[in-house]
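Okay, thanks for making time, everyone. I'd like to walk you through one model today, so let me put it up on the screen.

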Amino acid sequence: MPTVTFERLDENRDLFRVGAKAVPEIIMDFSKLTPEERGQEHMGARLLCVAALSCYTGTFVNALQRHGAQVKSMTASATLSKEKDEVNRTRYTTLDISVEVGLEEKNRTIFETVKDSMLNGSLLTYSLEEGMAVSYDLKMNAV
C-alpha cells in the first residue's frame, strides 16, 4: 500500500513525499500568507477532497471505458462540511461529490448503468462513508 511521508522543511514550507510517478512530491509554501490566512487554508480538507476526487473520477472513467464508452470530458468537485459534536469537537460530517461526464449521446445507456454502480462510491469514498455521509450528484453532458 502507498505510504506518504512528511517533512517540515522550515517554518513556512512542508514537504510531502508522495512517491507516485505522476506526483512525486508536494511542497506547501506558506511564506506569502499571514498567520490568519494560513489558518484559513484548510489544507487537510483540501487534500482529502483531492484524494476523494482522484479515486472517484478514476474509478468512474475506468468503468465507463470498460463498458465501451469514450469519455470526452469530465469535471468534478468535492465539498466538505463540518459540525461540532456533543463534546464540542469539530469533525467533517459530509462530503458532497458532483461529477459531469461528457459522452456521446449513444453512450447514455452505458452512463446510466455505470452511474448506478458509482452511486455506491469508489474504494476511498466508500471507505469514508464509515465516518461521514457522502453524496453523489452524477450528470451526463451529451457532446
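First, a term: by a nonpolar core I mean a set of buried Ala, Val, Leu, Ile, Met, Phe, Trp, Tyr and Cys residues joined through side-chain atoms within 4.5 Å. Buried is under 20% relative accessible area, exposed is over 50%, and partly exposed sits in between, with a 1.4 Å probe and protein chains only. Keep in mind that this is a predicted model: local features need pLDDT of at least 70, side-chain atom pairs count only at pLDDT 80 or more, and totals for chains, interfaces and linings use all residues. Residues are numbered from 1 along each chain as its sequence is written, and side-chain values use heavy atoms, with hydrogens and water left out.

So, the core. The largest one has 26 residues, and the members touching the most others are Tyr-56, Phe-60, Leu-64, Leu-95, Ile-97 and Leu-138. At least two residues each come from helix H2 (43-66), strand S4 (73-84), strand S5 (90-103), helix H3 (108-118) and strand S6 (133-142). H2 is the top contributor, with eight residues. Those labels are DSSP runs numbered from the N terminus: helices are H or I with at least four residues, strands are E with at least two.

Take Leu-138. Ignoring neighbours within four places in sequence, Leu-138 has contacts, meaning heavy atoms within 4.5 Å, with Tyr-56, Phe-60, Val-99, Phe-111, Lys-115, Met-118 and Leu-119.

Staying on H2, that's where Thr-57 sits.

What about the cysteines? A search of the whole structure turns up zero disulfides, a disulfide being a pair of cysteine sulfur atoms within 2.5 Å. For Cys-49, the nearest cysteine sulfur belongs to Cys-55, 14 Å away. Cys-49 is buried at 11%, while Cys-55 counts as partly exposed at 21%.

Now the strands. Two strands pair if DSSP finds at least two bridges between them. S4 and S5 are antiparallel over twelve bridges, with Lys-82 opposite Tyr-92 in S5. They make a hairpin with five residues between them, and Asn-88 in the turn has a positive phi of about 70 degrees.

Lastly, there's an open antiparallel sheet of three strands, ordered S1-S2-S3. S1 (5-8) and S3 (25-29) are at the edges with a single partner strand each, so one side of each has no neighbour in the sheet. S2 (13-17) pairs with S3 over five bridges, and Arg-13 stands opposite Asp-29 in S3.
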